[in-house]
Amino acid sequence: MAVSTQVDFIAPTIRIHTIRSPLPGPTAWIEAGIHGDEIAGVHAAEELLEAGLEPERGTLIVCPLMNPGAYRAQQRVAPGGLDLNRCFPGDPAGTRAEHRLAATFMSAMTNARPDLLVTLHESKKKFHPDVQPSFGQTVVYGVKPAPSIVGAAVSRMNASTQHPAETWAPHYYPVSTSSTEVIVDRLGCVGLCIETWMGFPLARRVEMHREIICVLLEELGVGARFHSGS
Ligand SMILES: [Zn+2]
């Protein structure tokens, strides 16, 4: 039995890929590029789609680029725009594009009912508990207790680091106005932000994002395999 793939355009340049296994299972929503200067997650998501990433069971949803205008400008926020990460749940009748876009994402997520939402970010500062805020190389969660998938993902990532500076940590950092927390609040799913440190070369950051996506999918029970074509 083959997976089915559906691509929805929620805006002319914003794609949501829904890949369904014929086997029942949980739903994972992976998204990147909410901040336009944090590009490793965007590239990782695109590369995994190009490589034919599929769920072994359940449903995998991927939005590789949430904020194309910010991405093209290589800035956190699109020129003249708002921080999309602070515009959720949005407003379909809003006067600002980011509020309308957030509402569109919100409605797509409400329909999809993901069990796990993963937003791929990057951080200019390496995480240190004494430096607030700092996020580089963390799996961030905003609701205690830490979801069990956090510890599992951190220890699996730390088993394959190439340098001691790559060491991952769980990071409890609630921000009630962040998109992830607004969505977690509304949908009751587990929501995580993945933060690589931008001090590493882009190619390595992309590799780490690809790896943690696959690790999280495996830990959730969706699994990750690659369709090689037939
Ligand atoms: Zn970010």
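The model described here is predicted. Tyrosine 173, with a relative accessible area of 26%, is partly exposed. Four aromatic pairs are present in the structure, and one of them joins phenylalanine 135 and tyrosine 173. A pair of aromatic rings is described by the distance of the centres and the angle of the planes. For phenylalanine 135 and tyrosine 173 the values are 4.8 Å centre to centre and 85° between the planes, an edge-to-face arrangement. Phenylalanine 135 belongs to the loop between S6 and S7, and tyrosine 173 to the loop between strand S8 (169-172) and H5, so the pair ties together parts that are 38 residues apart in sequence.

Phenylalanine 135 is also part of the largest pocket, where it is listed with Arg76, Arg86, His121 and Glu195 as the closest to the centre among 28 lining residues. The space in this pocket amounts to about 470 Å³. Two or more lining residues come from each of strand S6 (116-123), strand S7 (138-141), helix H5 (179-187) and strand S9 (190-197). By class, the lining of the largest pocket consists of ten nonpolar, nine polar and nine charged residues.

Glutamate 38 is found in the loop between strand S3 (27-32) and helix H1 (40-50), whereas histidine 121 is in strand S6, so the pair ties together parts that are 83 residues apart in sequence. Glutamate 38 is buried, with a relative accessible area of 5%, and histidine 121 is buried at 4%.

The second largest pocket contains about 170 Å³ of space. Its lining includes Gln6, Asp8 and Ile10, together with Ile16, Thr18 and Arg20. Trp29, Ile61, Ala108, Asn111 and Ala112 also line this pocket. Strand S1 (4-11), strand S2 (14-20) and helix H3 (97-112) each give two or more residues to the lining. Six of the lining residues of the second largest pocket are nonpolar, three are polar and two are charged.

Conventions. Residues are numbered from 1 along each chain as its sequence is written. This is a predicted model: local features need pLDDT of at least 70, side-chain atom pairs count only at pLDDT 80 or more; totals for chains, interfaces and linings use all residues. Side-chain values use heavy atoms; hydrogens and water are left out. On a 1 Å grid over the protein atoms alone, a cavity is a set of points where a 1.4 Å probe fits but cannot get out, and a pocket is an open set with protein on both sides within 12 Å along at least five of seven lines; lining residues have an atom within 4 Å of a point. Grid points are joined across faces, edges and corners, and a volume is the space filled by probe spheres set on the points. Helices (H or I, at least four residues) and strands (E, at least two) are DSSP runs, numbered from the N terminus. Ala, Val, Leu, Ile, Met, Phe, Trp, Tyr, Cys and Pro count as nonpolar, Asp, Glu, Lys and Arg as charged, and the others, Gly among them, as polar. Buried means under 20% relative accessible area, exposed over 50%, partly exposed in between (1.4 Å probe, protein chains only). Rings of Phe, Tyr and Trp (its six-membered ring) pair if their centres lie within 6.5 Å; planes under 30 degrees apart count as stacked, over 60 as edge-to-face and the rest as tilted.
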